[in-house]
Amino acid sequence: MGLTSEGSIKYHIWLGHITMALFTAHGLCYVTFWDKTHQISEIFTWNKVGVSNVAGGVALLAGLTMWATTLPFIRRKAFELFFYTHHLYIVFVVFFVLHVGFSYSCIMLPGFYLFLIDRYLRFLQSQQKIRLVSARVLPCEAVELNFSKNPGLCYAPTSIIFINVPSISKLQWHPFTITSSSNTDSDTLSIVIKSSGSWSRALFHKLTSSSPPTHLDVSIEGPYGPASTIFSRHEMLVMVSGGSGITPFISIIRSLLFKANTEGGKAPRVLLICAFKKSIDLTMIDLLLPVSGTAFDTSRLHLQIEAYVTREKQPAMKDRKLLQTLWFKSNALDEPVSAIPFKLENFHSLAEILYNCDGSSIGVLVSGPSKMRHAVASICTSCSTDDIHFESISFSW
């Protein structure tokens, strides 16, 4: 269907809201009817043949509990509560089958069967311990993890993986954008983690402690992402990022670097516009190239970078830390994953930048906070030209 992982989640959210709205309306209509006809005791009937009302009530309560924890302020402030409560889907499905009977529930069983297969395959992959080769620790409290990868594993730019670090939490799995390219980084797979939540802060503190670990157990699910991308169809790419939103663009730039050095050297010109809150966050730009460098000629890719700092008038030079690389020892049980310069100035008008761009096809990609994505979308819409093609990359849901 061509859906990305985050696009599938969006449809999942919409269908979940519609399903629970219909189920809730169904339950309320029956309760209202029984109340008006003085048959309220029907709620507690459990028929061995036909419809069981008690089972339907239990399924509805489980569904309502899941639905309540999907509210944005609960999901974002208490994600673990949302995550663990979502496992009530098992109770919901079992009692739904008991409510309507097995013959009627056969309508939804094929989809549920495919879901179980997917969960089983993901479970098998998650049991493997992946070899963590190195970590690049940035002064902006971000860390790049580099894993050993099977050279035969290919993935498209903007793909994601889920990772689990048992020493921090045996149950928590977190999605991160892959910053490496399977073309330029044949034997490594990289992700960038910004220290922003309790889990990511715990990982950052573990790697920056006075005695950092020499080995770290990590499990992975994925990669998941688009089957292919069409970024190279444009003559020019304008990529706008905010904060850690630069991470999906790192994999795109690396894949375009490969294309510029092969396939006749035909790759679109790239303008990377990145905004950061603090000057120390500019070190994220150092991740454009892999930790081991690259054998490709970087001059073949026409790349221009404009970096902006939005919360500082003067860069803080005191106690400036340098980028640090940690190398990890391998374990016999570990396996590989298988399945530039900048300008510090005032932010220019994006509309003016797009107006001055040359080319019959200009792709505009944006990744970052919601307000930034909407603002860039409005600017692209206001441009009176058919040459601009807009695409938003969002990982918040």
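## Helix α5 and its partner α2

In this predicted model, helix α2 passes helix α5 in a left-handed crossing, meaning that the near helix is turned anticlockwise from the far one by less than a right angle. Local features need pLDDT of at least 70, side-chain atom pairs count only at pLDDT 80 or more, and totals for chains, interfaces and linings use all residues. Residues are numbered from 1 along each chain as its sequence is written, and side-chain values use heavy atoms, with hydrogens and water left out.

**How α2 meets α5**
- Helix α2 (residues 53-68) packs against α5 at an angle of about 155°, and their axes lie 8 Å apart.
- That makes α2 roughly antiparallel to α5 (angles over 145 degrees count as such).
- On the α2 side, the contact (heavy atoms within 4.5 Å) involves N53, A55, G56, V58, A59, A62, G63 and M66.
- From α5 come Y89, V91, F92, F95, F96, L98 and H99.

**A look at α5 itself**
- The 12 residues of α5 (residues 89-100) should span 16 Å at 1.5 Å a residue, and its end C-alpha atoms are 16 Å apart, which agrees; the expected span is 1.5 Å times one less than the number of residues.
- After α5 comes G101, with a positive phi near 95°.

**T24 in α1**
- T24 sits in helix α1 (residues 5-36) and counts as buried at 17% relative accessibility.
- Leaving aside residues up to four places away in sequence, T24 touches L60, L64 and W67.

Definitions and conventions:
Helices (H or I, at least four residues) and strands (E, at least two) are DSSP runs, numbered from the N terminus. Axes are lines fitted to C-alpha atoms, for helices over the stretch in contact, and angles run from 0 to 180 degrees between N-to-C directions. Angles under 35 degrees count as roughly parallel, over 145 as roughly antiparallel, 65 to 115 as roughly perpendicular and the rest as oblique. Buried means under 20% relative accessible area, exposed over 50%, partly exposed in between (1.4 Å probe, protein chains only).
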